[in-house]
Amino acid sequence: MSFREIIIQQLFNGLLLGSFYGLVALGYSMVYGIIKLLNFAHADIYMVGGFCSLSLLAFFGGTFFGNGWLGIIAAMLITMIIVGLLGVLIERIAYRPLRDAPRLSLLITALGVSMILYNAVMVITGGEYKAYKTGLGFEGFSLGSVHVTYTQAILIVAAVSLMFVLHLFITRTMYGKAMRAISMDLDCCRLMGVNVNKIIALTFFVGSALAASAGMMAGVYYGSLHFFMGFVIGIKAFTSAVIGGIGVIPGAMLGGVLLGLLESFGTQIPFIGSEWKDVFSFSILILILIFKPTGLLGKKESERM
Amino acid sequence: MKEKQTAAARTAIKRDNPLAGLINRLYIIFDNKKIRYSVLAIAVAVLLYLPMITSLYFMEVMTNVWFNVTVCLGLNIIVGFAGLLSLGYAAFFAVGAYTTGILISHYGVSFWLTLPVSVLMAIIAGLAIGAPTLKLRSDYLAIVTLGFGEIIRLAARNLQITGRATGLVGIDRPVLFGMTLYKINHFYYAFLLVAILAIFVSYRLQDSRLGRAWKCIREDEDAAEAMGINVFVIGSVFGAVAGSFMAVKMTAISPESFLFTQSVMILLAVVLGGMGKIPGVILGAFAIVVFPEVFRGIGEYRMLIFGLLLLVLMIYRPQGLWPERHT
């Protein structure tokens, strides 16, 4: 491949990877923004989303009223609802009782929820890789000599439109306004008559649903699922959220795309190579947390918790 | 946290249930130095005598217990004493294990000489993670330590000197006064010794000026900036020494021995027993080793049950089974 083709190929890979990271990062960012919790279980929600959609597709037999695409869209919507409700349930059982507890207890609880989720899936799936068959072909179009399948193109479009819908939801609706208000001052919102518990539950619903959609997309893209697949992407999505400025919605998307591009171009640097890919991303995370913890779009805050 | 615990302690006394009364009486008995030391002496004597009467399997389990006691006490310095959540503790005993493994199998150094090197490497690793992270919030710190743990493991997987994915095999057994240590009983005594040393050092640290300073970090994180570094340095030394001994006991180490789940298990032990309380942490280490052995049937459900335990514990008893008493 020529230099130009490598650039195009990596640009495309980076965008695709970045949109997955961005979708998962949104959930981290929203939850962090609203209750200041680093939700370790979020990455496992992404994984559960992948498996949930796989079972749904199997249940539909790959189609919905005889149409492959319709089947996938239906599976995605139902997955988003189911997993969104799972997120609400987790918040209700595990996080709400501890909302005023010390930070350390809350973090450990989140870790416990994460362990429960991935081990439950491990027990159910027998710890094996599950093939993700969709019946979508490899037809597509070419950019130069770079082949892009329709599936890949549609994944990017879907991810971007989900982010756009979320952006409208946050900026244009009363619920979105309430979320932004709570992230500024929870107690004050309660005094002003905002139903804080409901809005927090809604945040978990939206965040989990987005992560679930990303999980399904990852299944379609990579063609297989594994119970531990959330772990690495969880750290990377968190990195994306931090790069963009945690708690800032457009920041999470920007961070995701940036990290995706950095990673796909980073692996082209002779010294790094694909086996050092994760080390590269984790180092970026550590460096950013140390030198610019507020991220690119984040507000300055001197508060320590 | 402090307020909650004192409240819990107060209700325990107020409720006046027979168990709480019994425990209180035990505390009073143990306040007597003579009684305390004689009980300790008997316990140590029993532990020393154990290998003479029990099976090899039991010794294997007990050796594992002492290993876990050591690493848990190391993590307890970071999480319990200073209240800094660390999710990459396995990295520290990876540092110890690999230092010993590389020195023995590549350079033929005696095991006992690798120990100081291993401690030195642990200090460097502790500084590397401790120094830049002082100003971080607790949740950022958690994710940095997690990333650090993964970087160490992935580096071990990718580097030539650490044997890549297969790791190091055939590490020579240590020789002590002309006797090669190879039986499980030898390692039982070695790990028991290390664990007793760890317990002793933990108590001395807890009562020292440094230990009190760490408590201040826990209660008020602003103090962390001044004291945070040495928490990681000392905590990592415990892990590295245990890791060095582990390397020669197993004679083989691979990156898979230092997974994230390993770090989480150690954290669970510390949380289960009661963060910051040394006997509690020992109890926790004992529990995480013995529980899966007793309930062999649970097999793959093990981590699931531990996850549930962590959740229930945090909601209903955040101070752990044997919490610190605030007076």
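**Figure 1. Helices α2(A) and α4(A) pack with their axes 9 Å apart.** In this predicted model, helix α4 covers residues 103-125 of chain A, and it meets α2(A) at an angle of about 25°. Angles under 35 degrees count as roughly parallel, so α2(A) runs roughly parallel to α4(A). The handedness of this crossing is left-handed. From α2(A), look for Asp44(A), Met47(A), Val48(A) and Phe51(A); their partners on α4(A) are Ser114(A), Leu117(A), Tyr118(A) and Val121(A). What kinds of residue make up this contact of α2(A) with α4(A)? The residues divide into 6 nonpolar, 1 polar and 1 charged.

**Figure 2. Helix α2(A) also meets helix α9(A), with axes that come within 8 Å.** Here α2 (residues 42-60) and α9 (residues 229-244) of chain A cross at roughly 130°. The two helices are therefore oblique to each other. If you are tracing the pair by eye, the crossing in which α2(A) passes α9(A) is right-handed. On the α2(A) side, the contact is built from His42(A), Ala43(A), Asp44(A), Tyr46(A) and Met47(A). On the α9(A) side, you will find Met229(A), Gly230(A), Phe231(A), Ile233(A), Gly234(A) and Ala237(A). By type, this contact of α2(A) with α9(A) comprises 7 nonpolar, 3 polar and 1 charged residues.

**Figure 3. Chain A and chain B meet through 37 residues of chain A and 38 residues of chain B.** On the side of chain A that touches chain B, α4, α9 and α11 (277-291) each supply at least two residues. Which helix gives the largest share of that side? That is α4(A), with 15 residues. Sorted by type, the residues on this side of chain A are 28 nonpolar, 5 polar and 4 charged.

**Figure 4. Stepping back, chain A is built from 11 helices and 4 strands.** Its radius of gyration is 19 Å, close to the 19 Å that the globule rule gives for 305 residues, so chain A is as compact as a globular protein of that length. Along the principal axes, the C-alpha atoms of chain A fill a box of roughly 60 × 45 × 40 Å. Of the 305 residues of the chain, 49% count as buried. Among contacts in chain A with a separation of 6 or more, 77% join residues 24 or more positions apart.

Definitions and conventions:
Residues are numbered from 1 along each chain as its sequence is written. Chains are lettered from A and ligands numbered from 1 in the order in which they are written. This is a predicted model: local features need pLDDT of at least 70, side-chain atom pairs count only at pLDDT 80 or more; totals for chains, interfaces and linings use all residues. The radius of gyration is taken over C-alpha atoms; the globule rule is 2.2 Å times the number of residues to the power 0.38. A residue is buried if 20 or more other C-beta atoms lie within 10 Å of its own, exposed if 12 or fewer, and partly exposed in between; C-beta atoms are placed from the backbone. Two residues are in contact if their C-beta atoms, placed from the backbone, lie within 7 Å. Axes are lines fitted to C-alpha atoms, for helices over the stretch in contact, and angles run from 0 to 180 degrees between N-to-C directions. Angles under 35 degrees count as roughly parallel, over 145 as roughly antiparallel, 65 to 115 as roughly perpendicular and the rest as oblique. A crossing is left-handed if the near helix is turned anticlockwise from the far one by less than a right angle, and right-handed if clockwise. Ala, Val, Leu, Ile, Met, Phe, Trp, Tyr, Cys and Pro count as nonpolar, Asp, Glu, Lys and Arg as charged, and the others, Gly among them, as polar.
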